[in-house]
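Student: I have a model open and want to learn how to read it. Can we go through a few features together?

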Amino acid sequence: MTKQIRQLERVVIRFAGDSGDGMQLTGDRFTSETAQLGNDISTLPNFPAEIRAPAGTLPGVSSFQVHFADYDILTPGDAPNVLVAMNPAALKANLTDLPRGADIIVNTDEFTKRNLAKVGYASSPLDDDTLAGYAVHPVALTSMTIGALAELDVSKKDAERAKNMFALGLLSWMYSRPYESTLRFLERKFAKRPELVAANVAAFKAGWNFGETTEDFAVRYEVKPAKMPPGTYRNITGNAALSLGLVAAGVRSGLPVFLGAYPITPASDILHELSKHKRFGVTTMQAEDEIAAIGAALGASYGGALGVTTTSGPGVALKGETISLAVALELPLVIVDVQRAGPSTGMPTKTEQADLNMALFGRHGEAPVAVIAPKSPSDCFHAALEAARIALTYRTPVILLSDNYVANGSEPWLLPEVESLPDLRVEFATAPNGEDGTTFLPYLRDPQTLARPWAVPGTPGLEHRIGGLEKADKTGDISYDPANHDYMVRTRAARIETIPVPDIEVEDPDGDARVLVLGWGSTYGPIGAACRALRQRGLPVAQAHLRHLAPMPANLGAVLRSYERVVIPEMNLGQLAHVIRGRYLVDAIGYNQVRGLPFTAAELETMLEEVLKNV
Amino acid sequence: MSEPVALKLTAKDFKSDQEVRWCPGCGDYAILAAVQQFMPELNIPRENIVFVSGIGCSSRFPYYMNTYGMHSIHGRAPAIATGLSVSRPDLSVWVVTGDGDALSIGGNHLIHALRRNVNLKILLFNNRIYGLTKGQYSPTSEVGKITKSTPVGSADAPFNPLSLALGAEATFVGRTIDSDRKHLQSVLRAAAEHSGSAFVEIYQNCNIFNDGAFEQLKEPGTRDDYLIRLEHGQPITFGKDGQFCVVHPPGGFGLEVRETAATPAEEIVVHDATVADPAYAFALSRLPGFDLRNTPIGVFRSVRRPSYDSVVQGQLADARATVSETPEQQLAGLLGSGDTWTIVG
Ligand SMILES: Cc1ncc(C[n+]2csc(CCOP(=O)(O)OP(=O)(O)O)c2C)c(N)n1
Ligand code: SF4
Ligand SMILES: [Mg+2]
């Protein structure tokens, strides 16, 4: 049968199933095939909160969304065009996100009375009109997989478990994906059990062939490669990129990296990743709690390492006192906060720009630190390097605000040349700096950076004591002198305020926008996609995105004042808006959403259109 | 390796230029002087010695030592010192802490440092009171302690610091007293020689808020009858005339004090700090009552176990043993690992 081939510009597929169905892996493989083809990609997993929720229930649904296109895209897509639902729970949990007309591929084998009852379907949605308006493709995925593997020497259970590869094979056929990388992957993954390689490959091929032969799939799609800058790419998640950025910071500074961490979702993967890189001199310590984790990192920094601690909001709350100590000690320290929905335990697997207030203001005393936020998964690499650069150059704690959305999302990353990465080498103090040539003044500052000397233990002649008590300027001796304290507080503030950061850039292609959308961190993608959509419709809008939240770019006030309206979308109740209004006296409007989900480009587009109408 | 050169340091070399600011008569002075006098013995250059402390009167200690030092935050010194020690195995890292600092706010870090066996020498100045905050009861104060915060007596049972450390399986545990310089230095010496965590409780008099807390152990009239001076390899007898001894009654879990005259010599426990099972040292730690009778001092336990630092450094060394590329080459390889694809311009 010859199939019609249709060209598409972009597709959003969501693979959904029970947490035991291997949907993350299926999505990952599809993404990798898609990357090989050269499409631009953006992905977003959605994990269940429970580790092993009862099979077939709504809380047990795990999904993976992949958006790919023949042009550069900014988000994992608002709504899927295709849903692969491995069971009734997966269908029910995802149906509301699906626009009418979308394709739904369902595993009919799982639509048993029992499974339907588990999710409260009185009758099968495949038989009633629940799915009216959708293009439903019923596929007996489980039984066909088992049938395809009948000849092979695998247990029924192993055969059944290969059904995700059947689904992957079918989708790979539908979207004309090159599948060699998947075959190679299966060989690697099951290297120790050749019978499973055979089973999974057979299931994959059965899915592919099913697409080719069945009449239900009359059309096959193609999405042409995107025009991307030349170079070598890999697909990467934010947490992986951030980890590599920290390894790179170690290499580029020549310092050992010391990570102190206590496991917490969604930051634990950074600890896992960095623990694999001992050959780079990276030490990871799983501490007894978050306080010990940052304490150990600070102790390592004091000893001349690049001290890093990684956590999420609840952990940052615990670390506050030590961050203040690091402010007083003026030592380099990188604190990574992979934000999640709060307060308290909140929704640990859901995203939120929850902690900007805490990062900027959440400490006792006047304790300013530098704060930066990555805008996308691959940007986490560069943000980590930038955090390390500021920490090392200016001898200060730096808070890096990632979040669950960029941490677990992925996108293609143009691999940088190692030589092009910033040079982070530092100079430790080696000799007395007092005028008499013999005394060492631990708080005598570099006039340019206002950084104090980093005199690490082991350096003869520079023995000195530091601590959390207020210190006299230059000597670092304990001081209760009023004028000295006033001077030191202002100096610590100036140390951060005067860190040079790049000017904020405004994207306003036609230069005629009257409304500026200002964002920070992970909202870059959805805001960018909304602005593009508006411009395509002839509605001018300008976009600016903050990477440096402390200090803020020097030109920010001028930029804000040059627009009639400033809109600040945030996944919180207006934390940046509050700062902007207070600092720049600009009547910025907030657009706020705290549902644990990233913005959709469509909702921002609608909101901005409304704003545009009123200027 | 060649013999280390004698550095010829003196106590004076370890005095910093800061004016010591404890209350006159505070036991901390005696400890400081004993430590400064002991330090030259280590024959370690001053720049390789670091004192890390928490918060409390006792935690002012690093300011007075002419070494590297950090006066950190309340209770966190063991955690900070762990990061320093693990990443800088070349340093001799000492922690100075108080009973509130180590056992109240910092209890978690203390037990974890001990269970990890981080290469730290931890000196706990136990005055059974919060000195710096002006006299509240502490986790080592006796039940019923009347203080500003417990006007009708404290209601909670205290920690026995040594029992706690032994419960965490500390590899070195000792106790000494501020006023007995010779003994204090002998315990410091043993602690310094130990590789791994060495935990030393120092009974320290706070003459302002808890004066005389350890008086019976110092008073010439009582001290010999109260103190058990532990000596490795020696039968445990004590008292002015050696009239008391320690035995392990059959069927019992612990140790008991008996009259030496009525006890067959072979029943007297011979002190062995190297017993692998912490239960022995634990039993020793349970001997004293709240009247301070039968208080052992000296080295309770000193056993060998690889330090956390050495294991971590070993893992790093193993990982690096096979590396032949430059760090930049390694990094390029790491960045480009996994599924990659190339777009040609
Ligand atoms: C986070 C925090 N909580 C409370 C305090 C107040 N504080 C300082 S020292 C101290 C108790 C000190 O007692 P101890 O450790 O026994 O030391 P000492 O002064 O007796 O030597 C307290 C509660 C503090 N500095 N920081
Ligand atoms: S309050 Fe007590 S412990 Fe503190 S310095 Fe005075 S005497 Fe020493
Ligand atoms: Mg005390």
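Tutor: Start with a crossing of two helices. The crossing of H2(B) and H9(B) is right-handed. Keep in mind that this is a predicted model.

Student: Which residues of H2(B) and H9(B) make the contact?

Tutor: From H2(B) come Thr82(B), Ser85(B), Val86(B) and Ser87(B). H9(B) supplies Tyr308(B), Asp309(B), Val312(B) and Gln313(B). By type, the contact residues of H2(B) and H9(B) are three nonpolar, four polar and one charged.

Student: How are two packed helices described?

Tutor: By two values: the angle between their axes and the distance between the axes. Here, H2 (residues 77-87) and H9 (residues 308-321) of chain B pack at about 45°. Their axes are 9 Å apart. That angle makes H2(B) oblique to H9(B).

Student: Next, charges. What can side chains of opposite charge do when their charged atoms come close?

Tutor: They can pair. A search of the whole structure finds 34 salt bridges over all chains. One salt bridge joins Arg532(A) and Asp72(A), with the closest N and O atoms 2.9 Å apart.

Student: Where do Arg532(A) and Asp72(A) lie?

Tutor: Arg532(A) is in helix H17 (residues 524-536) of chain A. Asp72(A) is in the loop between strands S4 (61-69) and S5 (82-85) of chain A. The pair therefore ties together parts that are 460 residues apart in sequence.

Student: Last one. What does the UniProt annotation for residues 20-207 of chain A say?

Tutor: The unreviewed entry reads "domain: Pyruvate/ketoisovalerate oxidoreductase catalytic". Over residues 20-207 of chain A, the chain is 42% helix and 16% strand. The end C-alpha atoms of that stretch are 19 Å apart.

Technical notes: Residues numbered from 1 in each chain as written. Chains lettered and ligands numbered in written order. Predicted model: local features only at pLDDT ≥ 70, side-chain atom pairs only at ≥ 80, totals over all residues. Heavy atoms only, no water. Axes fitted to C-alpha atoms, helices over the stretch in contact; angles between N-to-C directions. Helix = DSSP H or I, 4+ residues; strand = E, 2+ residues; numbered from the N terminus. Parallel < 35°, antiparallel > 145°, perpendicular 65-115°, else oblique. Left-handed = near helix turned anticlockwise from the far one by under 90°. Contact = heavy atoms within 4.5 Å. Nonpolar A, V, L, I, M, F, W, Y, C, P; charged D, E, K, R; others polar. UniProt positions renumbered as here; feature names shortened; annotations may be inferred. Salt bridge = Lys/Arg side-chain N within 4 Å of Asp/Glu carboxyl O.
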